[in-house]
Amino acid sequence: MAFLRNLLATLLGLFIFSFIAFFILIGILGVAAQDEAPVVEEKSILWLKLYGVLKERVVEDPFQDLFPGSAPRQISLLNIKTALEEAKEDPDIEGVYMEHMYLNGGFASLKEIRDAILDFKSSGKFIYSYGEFISESDFYLASAADAIFLHPQG
């Protein structure tokens, strides 16, 4: 009789645990699915943080948020180009602010970004570039800007 009572108690516990876990999972998925596009206000500036490893396409790593700094930051070439193209057409975006902190990428990828910057510049909007220190690849991108601001010791 004790065996049957323990078996039923275990099955009931598993059923309750599964029921609660199901609703917690649904809640987590519901919150994650609510990613909305950011609202661009009037007179906004596109801020490009140009540091890390430049890749053509970056796969989202869910563990990167859990362990920040465990791997170098990866920047998507396609995302940068898309952001510049959309900012060029958006009337609420006044210009671009590029912040350089050592971008690691090949010169073919850097040329694509620089061409996208020059295309954005043809819209008549401003582009400012800043860095505490600027590497050769950062300076290549910054040279397309209207003004380059550099820390005196950079």
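In what order do the five strands of the open sheet lie, and is their pairing parallel or antiparallel? The order is 2-1-3-4-5, and the pairing is parallel. The legends below describe close-up views of a predicted model, in which local features need pLDDT of at least 70, side-chain atom pairs count only at pLDDT 80 or more, and totals for chains, interfaces and linings use all residues. Residues are numbered from 1 along each chain as its sequence is written, and side-chain values use heavy atoms, with hydrogens and water left out.

View A. The protein has four helices and five strands, arranged from the N terminus as α-β-β-α-β-α-β-α-β. Helices (H or I, at least four residues) and strands (E, at least two) are DSSP runs, numbered from the N terminus. Two strands pair if DSSP finds at least two bridges between them. In the five-stranded open sheet, strand 2 (74-76) and strand 5 (147-150) are the edge strands, each pairing on one side only. Neighbouring strands are turned by 30 degrees against each other on average, direction ignored; axes are lines fitted to C-alpha atoms, for helices over the stretch in contact, and angles run from 0 to 180 degrees between N-to-C directions.

**View B. Strand 1, strand 2 and helix 2.** Three bridges join strand 1 (residues 44-55) to strand 2 in the parallel sense. Lys55 has Ser76 of strand 2 as its bridge partner. Helix 2 (residues 77-89) lies across strand 1, strand 2 and strand 3 (93-104), and runs at about 165 degrees to strand 1.

**View C. The second largest pocket.** This pocket holds about 160 Å³ of space. On a 1 Å grid over the protein atoms alone, a pocket is an open set of points where a 1.4 Å probe fits, with protein on both sides within 12 Å along at least five of seven lines; lining residues have an atom within 4 Å of a point. The volume is the space filled by probe spheres set on the points, which are joined across faces, edges and corners. Among the lining residues are Trp47, Leu50, Arg73, Ile75 and Asn79. Strand 1 gives the most to the lining, with four residues, while strand 1, strand 2 and helix 2 each supply at least two.

**View D. Strand 4 beside strand 3.** Strand 3 and strand 4 pair in the parallel sense over six bridges, and Val96 has Ile127 of strand 4 as its bridge partner. Buried means under 20% relative accessible area, exposed over 50%, and partly exposed in between (1.4 Å probe, protein chains only).

**View E. Tyr140 in helix 4.** Tyr140 belongs to helix 4 (residues 136-142) and is partly exposed, with a relative accessible area of 28%. Leaving aside residues up to four places away in sequence, Tyr140 touches Leu110, Lys111 and Arg114, where contact means heavy atoms within 4.5 Å. The C-alpha atoms of Tyr140 and Leu110 are separated by 7.8 Å, although these residues are 30 residues apart along the chain.

**View F. Two residues with positive phi.** Lys43, in the loop between helix 1 (2-32) and strand 1, has a phi near 55 degrees and counts as exposed at 66% relative accessibility. Tyr102, in strand 3, has a positive phi of about 70 degrees and is partly exposed at 45% relative accessible area.
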